Amino acid sequence: MTTTLSERVSQSAFDGSMLRVVLLMDLHEGTQQQFFEAYEKLRNDIASVPGHISDQLCQSFENPSQWLITSEWESAPQYLAWVNSEHHAEQVKPLGACARVMRPLKFTVLRETGRGYDQAARPAGARLQSAPRLGAGIVRHALTFTVKPGSEKEVAAILSSYASPAAKVDDHTRLCRTSLFMHGNRVVRTVEVQGDLMAALRHVSEQPEVRAVEEAINPYLEQDRNLNDPESARMFFMRAALPAVHHIAAAGEADTADVTRHALFYPAKPGCGQALARFLARQDEAAAARPQSPVRSSSIFQRDDIVVRLVDVRGPLDAEPDTTLGVRGPRKAAVLDRLTAGPAERTRAAHHTMNLITDRRAPAQS
């Protein structure tokens, strides 16, 4: 059976599909009216966000503490630009203060059925996802934060020394891989989860060895946080979230002994982060069509003007440096130069490659 390019792309924010966002919330007792009033103050602001089509606020008729907010967007990049902004972080503070649990889910829209959908006038730029994407059921997520300059060695030592948490979260969720990199004073931690990402993140955060590491690096963080204060911890991790926007895997076995994991950091020029991520995604799709390409898989993470590309490479990292960097040919390199911050000579792979601190895989069965 021939593997088509679309089958290799298991995740993409750049296919132009409409996005449906579902936010499940379980409120603290007695805060229902407070939550409703906070939403009423925000809904007009939300409605004016570029790319927003509609939203609904729902309350469970079985349990008044359970609420659901659904929203529809013209495309994933428009939603991500809003949800990753500092303005959004401040907007949702009143809602978060009422919630015991918040669980966001994001879906691209494949099909619509019913008279309402048939008659609705969709924005010109909004369209349905053309076909189901295939994959191994892996959810990818990353966090990024900065530490105080001069503390990099101490932080790297702390982050590489903890014992791995148990891979099994529950009968349906498993922590598959955690990779941690640094570039200067920036830390990037990526995770791969089979099953429920939020359950896996909660599982990891509750492990004593992980909690001890988090407390140990607190004095070195540029952004203060208090993990004993739920609101402080929630806001820190909201701002540190580095969403995966694209993932592609080349045909064939990618998890062999000669395949190694690397991360590259691309600081975009102001306002160019999304364009840079989109550009790199297109280059990775082109590379995936070449059987001889050393890049076996690529995940692109982007928030504002921070872009990180996680690649699994067969053979030496510098065997095909242009492909490893994500560009082939002088014209593509020139585009990368225009989108990234700093002098053009810094667009070589060596200058973008992050230092690997730890790469932990779960055993095949655990």
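**View A. The largest cavity and its volume.** About 50 Å³ of space lies in the largest cavity, a cavity being, on a 1 Å grid over the protein atoms alone, a set of points where a 1.4 Å probe fits but cannot get out, with points joined across faces, edges and corners and the volume taken as the space filled by probe spheres set on them. One cavity of 30 Å³ or more is present in the structure. This is a predicted model, in which local features need pLDDT of at least 70 and side-chain atom pairs count only at pLDDT 80 or more, while totals for chains, interfaces and linings use all residues. Residues are numbered from 1 along each chain as its sequence is written, and side-chain values use heavy atoms, with hydrogens and water left out.

**View B. The lining of the largest cavity.** Lining residues, which have an atom within 4 Å of a point, include Ile248, Asp284, Val295 and Arg296. Strand 10 (241-249), helix 11 (273-288) and strand 12 (295-303) each give two or more residues to this lining, and strand 12 gives the most, with four; helices (H or I, at least four residues) and strands (E, at least two) are DSSP runs numbered from the N terminus.

**View C. Cysteines without a disulfide.** The structure holds zero disulfides, a disulfide being a pair of cysteine sulfur atoms within 2.5 Å. The sulfur of Cys58 has its closest cysteine sulfur in Cys98, 17 Å away, which is too far for a bond. Cys58 is partly exposed at 27% relative accessibility, whereas Cys176, at 16%, is buried (buried, under 20% relative accessible area; exposed, over 50%; partly exposed, in between; 1.4 Å probe, protein chains only).

Note on methods:
On a 1 Å grid over the protein atoms alone, a cavity is a set of points where a 1.4 Å probe fits but cannot get out, and a pocket is an open set with protein on both sides within 12 Å along at least five of seven lines; lining residues have an atom within 4 Å of a point.
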